[in-house]
Amino acid sequence: MRAVIVAIGVAFLVSLFCTPIAIRVFTRLKAGQPIRAEGPIMHQGKKGTPTMGGVVFILATVIAYVAGHLALTTLPDAQIAQVEPTITALVLLGLMVFSGAVGFIDDFLKVRKRHSGGLNKRGKLAGQILVGAAFGVVALYFPSSMTDASGAATNTETVGATTLSFIRDIPALDVSKIGAVVIFIFVVMAATNGVNLTDGLDGLATGASVMVLAAYALIAFWQYRHWCADPSYTANPDNYCYTVRDPLEIALIAGAAAGACVGFLWWNTSPARIFMGDTGALGLGGLIAGMAMSTRTILLLPIIGGLFVIITMSVVIQIISFRTTGKRVFRMSPLQHHFELAGWSEVNIVVRFWIIAGIGVAIALGLFYSDFLAAMG
């Protein structure tokens, strides 16, 4: 727990104090956010606000991960804590960094062209598929090599599983390694685009991501406290445990990312002095997808990230309706812009949407814990 707290604190402080530096640097470089002409008229006042702020909290998360590992060296049971960096960390941080890199290219092109177009849809899609496929393969084909004092294997799990999962793996839904990689690519695409579509109002995507990442930190730490690879816990055969890989690593990274987002939110809340850009949105989406895979809660993700699902579906509904009937269901999509045009203030929309995000997180955590109580009962 100490390592997770250290990571959260370091990430928050790095993000809080480095974001003003990023604001000055990006302002000097004239890296202002281009605003779509067809967007809400009130957004024209945001033109020129520095973008690519996601670089700050991605960097803060990586630094905090290192700091958390330094704290792990003081734990009495280094074997279970796994002081050495793991494949799990490589997958999760890799998803965040490389998904963020795809977004950075998009942001860079927008700034360079002084146009909101950026990277074309095919290019962005190709980048998401490549990142999902690369880290999906690593997650499915590289098992853990944890051993006990006698040299016997204690945990040979991979980061991801070949079965679909809800609260835990569902053995009857085995899709094979190739199928699991394909599904993970879809999850990466869904999560990155979901966060990206939500990122349209000051602080909206950042605040929602804090809740989702905090939920995954709680889930992963609970799994660590009831971990099948921990011999001190499984000494009693009646104890219910979780078959996952490196849950403390997952909790540490999720906590660090949440803390980094809170520090960034200080400057990103209305009126935003900096935007996360596609750099931050795609980075967070990639990490959230990795969290769902590594905690074996793939099918729980739509509930945890309920706000992202709702906003994404508003876009899908709008497109289908317009292409089939020529009529629009919403004044504008994504959904937050519909309410802007309906007269809601930006702050009201953000806070109310945060409440919706919180409800989804609460329901998901309730389902997760109720499963544990049912198994123990």
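Me: Leaving aside its neighbours within four places in sequence, which residues is Gly-117 in contact with?
Reply: This is a predicted model, and in it Gly-117 sits in the loop between helix 4 and helix 5. Setting aside neighbours within four places in sequence, the residues in contact with Gly-117 are Asp-106 and Lys-110.

Me: Is Gly-117 buried, partly exposed or exposed?
Reply: Buried means under 20% relative accessible area and exposed means over 50%, with partly exposed in between. The relative accessibility of Gly-117 is 39%, so Gly-117 counts as partly exposed.

Me: What distance separates the C-alpha atoms of Gly-117 and Pro-34?
Reply: Along the chain, Gly-117 and Pro-34 are 83 residues apart.

Me: Which residues are linked with Lys-110 in a network of salt bridges?
Reply: The structure holds 8 salt bridges. One of them joins the side chains of Lys-110 and Asp-278, at 3.6 Å from N to O. That pair links distant parts of the chain, with Lys-110 in helix 4 (residues 87–113) and Asp-278 in helix 10 (residues 277–294). In the network, Lys-110 is linked with Asp-106, Lys-124 and Asp-278.

Me: Are Lys-124 and Asp-278 buried or exposed?
Reply: The cut-off for buried is under 20% relative accessible area. Lys-124 has 15%, so Lys-124 falls under that cut-off. Asp-278 has 6%, so Asp-278 is likewise buried. For Lys-124 and Asp-278, the word is buried.

Me: How are helix 6 and helix 12 oriented, roughly parallel or roughly perpendicular?
Reply: Helix 6 (residues 176–198) and helix 12 (residues 306–325) pack with their axes 8 Å apart, at an angle of about 80 degrees. Angles of 65 to 115 degrees count as roughly perpendicular. Helix 6 and helix 12 are therefore roughly perpendicular.

Me: How many charged residues does the contact of helix 6 with helix 12 have?
Reply: Helix 6 brings Gly-194, Val-195, Leu-197 and Thr-198 to the contact, and among the residues they meet in helix 12 are Phe-308 and Ile-311. By class, the contact has 6 nonpolar and 3 polar residues. The number of charged residues there is given as no charged residues.

Technical notes. Residues numbered from 1 in each chain as written. Predicted model: local features only at pLDDT ≥ 70, side-chain atom pairs only at ≥ 80, totals over all residues. Heavy atoms only, no water. Salt bridge = Lys/Arg side-chain N within 4 Å of Asp/Glu carboxyl O. Helix = DSSP H or I, 4+ residues; strand = E, 2+ residues; numbered from the N terminus. Buried < 20%, exposed > 50% of the residue type's maximum accessible area, 1.4 Å probe, protein only. Contact = heavy atoms within 4.5 Å. Axes fitted to C-alpha atoms, helices over the stretch in contact; angles between N-to-C directions. Parallel < 35°, antiparallel > 145°, perpendicular 65-115°, else oblique. Nonpolar A, V, L, I, M, F, W, Y, C, P; charged D, E, K, R; others polar.
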